[in-house]
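Thanks for coming. I will go through some side-chain links in this structure, one group at a time. Please have the sequence and the model open.

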Amino acid sequence: MSQTQFQTRGTTAEAQLASINAAFPKRRMQILATGKQGVLMLIGLSMAGLLFLVGLVYMTVPDFLYDYKVSKDPVVDERAEIHGSCKSRKVIFIDCDVKIRYLPTPQDTVAKEIKHSFWFVSFQPSMSTEAVRSRSNPGMITTTMATEHITNRFFMILTFALLFGFMTFGCLYAAWLSHLFNRLIQTKPGLLPVMVKVKDIQNQRTIFFETDIDGVKKKLRHIMRKKESPLFLPHQEDMALAVRLTGSPHIVLLNDDLTALDFTEQERSALRAAIAA
């Protein structure tokens, strides 16, 4: 694109935005579609993350600690019987459930059975295993497969715990921000029309766009309501119309039906005429 073409386009965009500003209502308006996740939805996602975290700890940590104690001073028990299986999930996740029949002490004649579950990551796991006891506490028994992957299991538990923890607190923080935004729009702040560049549209509703806020380029996201589309501007490639809440960095995309704000029919007609000019 030549410099003359670039200047012409820039001048056209500025003129169009000036025309839109002139036609835009000067009264305080109510925002009807914020483009953000609902507070209750975010709290629900946070609670789901917390449940996953609690479930992870409940299902993995006791067995992990048990196997860790055995791994400190293991001794093979050749008389114990191991039954069970390991399944490969998503190629690299190995999930094992085993039952070990063993004699608690050499003097016992009645065998006991213990159930054990563990999981780890491996590209080429060895499926052969033996029963091992703790030398210092012979009543504790597990498998060599469980003890040999003890470090692997620790980092897997830690990774998923961090993931679920981030989901829990991240959604709570987003819910708090959404709550503050909802309180802000109840005050009917001033609105300033701005042009934004749409970068991507996912699932027909999630709009990713960028714009300059106080001289800094920001990448933002807006969730449209069902069967809505951004209000794209004619003769401006990928450019859409939005409003910025004065005194804040918040930007709300306008939809093509102009129902994101409480426009009157007369205001809609005037704004559409300014956009088409």
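Salt bridges come to 8 in this structure, where a salt bridge is a side-chain nitrogen of Lys or Arg within 4 Å of a carboxyl oxygen of Asp or Glu. This is a predicted model, in which local features need pLDDT of at least 70 and side-chain atom pairs count only at pLDDT 80 or more, while totals for chains, interfaces and linings use all residues. Residues are numbered from 1 along each chain as its sequence is written, and side-chain values use heavy atoms, with hydrogens and water left out.

One of the salt bridges joins the side chains of Arg-27 and Asp-262, at 3.6 Å from N to O. The two residues belong to distant parts of the chain, 235 residues apart: Arg-27 is in the loop between α1 (3-23) and α2 (39-72), and Asp-262 is in the loop between β11 (251-253) and α5 (265-276). Helices and strands here are DSSP runs numbered from the N terminus, helices being H or I with at least four residues and strands E with at least two.

Arg-27 has 35% relative accessibility, so it counts as partly exposed. Asp-262 is partly exposed too, because its relative accessible area is 24%.

Arg-27 also forms a salt bridge with Glu-267, and there the closest N and O atoms are 2.8 Å apart. That pair again links distant parts of the chain, with Arg-27 in the loop between α1 and α2 and Glu-267 in helix α5, 240 residues apart. Glu-267 has a relative accessible area of 16%, so it is buried. Taken together, Arg-27, Asp-262 and Glu-267 are linked in a network of salt bridges.

Another salt bridge is the one between Glu-210 and Lys-217, with 3.8 Å between the closest N and O atoms. Glu-210 is buried, because its relative accessible area is 13%. Lys-217, at 54%, is exposed.

Next, the cysteines. A disulfide is a covalent bond between the sulfur atoms of two cysteines. The rule used here is a pair of cysteine sulfur atoms within 2.5 Å, and by this rule the count is 1 disulfide. Which cysteines form it? They are Cys-86 and Cys-96, whose sulfur atoms are 2.0 Å apart. The link of Cys-86 and Cys-96 is right-handed, with 110° about the S-S bond. On accessibility, Cys-86 is partly exposed at 26%, and Cys-96 is buried at 0%. Cys-171 is buried as well, with a relative accessible area of 14%.

Now the aromatic rings. Rings of Phe, Tyr and Trp (its six-membered ring) pair if their centres lie within 6.5 Å; planes under 30 degrees apart count as stacked, over 60 as edge-to-face and the rest as tilted. The structure has 9 aromatic pairs. Among them is the pair of Phe-64 and Tyr-68, which is stacked, at 6.5 Å centre to centre with 20° between the planes. Both residues lie in helix α2, 4 residues apart, which is about one turn of the helix. Phe-64 counts as buried at 11% relative accessibility, while Tyr-68 is partly exposed at 39%. One aromatic cluster is made up of Phe-52, Phe-93, Trp-119, Phe-160 and Phe-164.

Helix α2 also holds Thr-60, which is buried with a relative accessible area of 9%. What does Thr-60 touch, not counting residues up to four places away in sequence? Contact means heavy atoms within 4.5 Å, and Thr-60 touches Trp-119 and Ile-157.

Last, Arg-133. Arg-133 lies in strand β5 (residues 131-134) and is buried, with a relative accessible area of 11%. Not counting residues up to four places away in sequence, Arg-133 touches several residues, including Val-70, Asp-73, Tyr-102, Leu-103 and Met-140.

That is the end of my list.

How values were computed: Buried means under 20% relative accessible area, exposed over 50%, partly exposed in between (1.4 Å probe, protein chains only).
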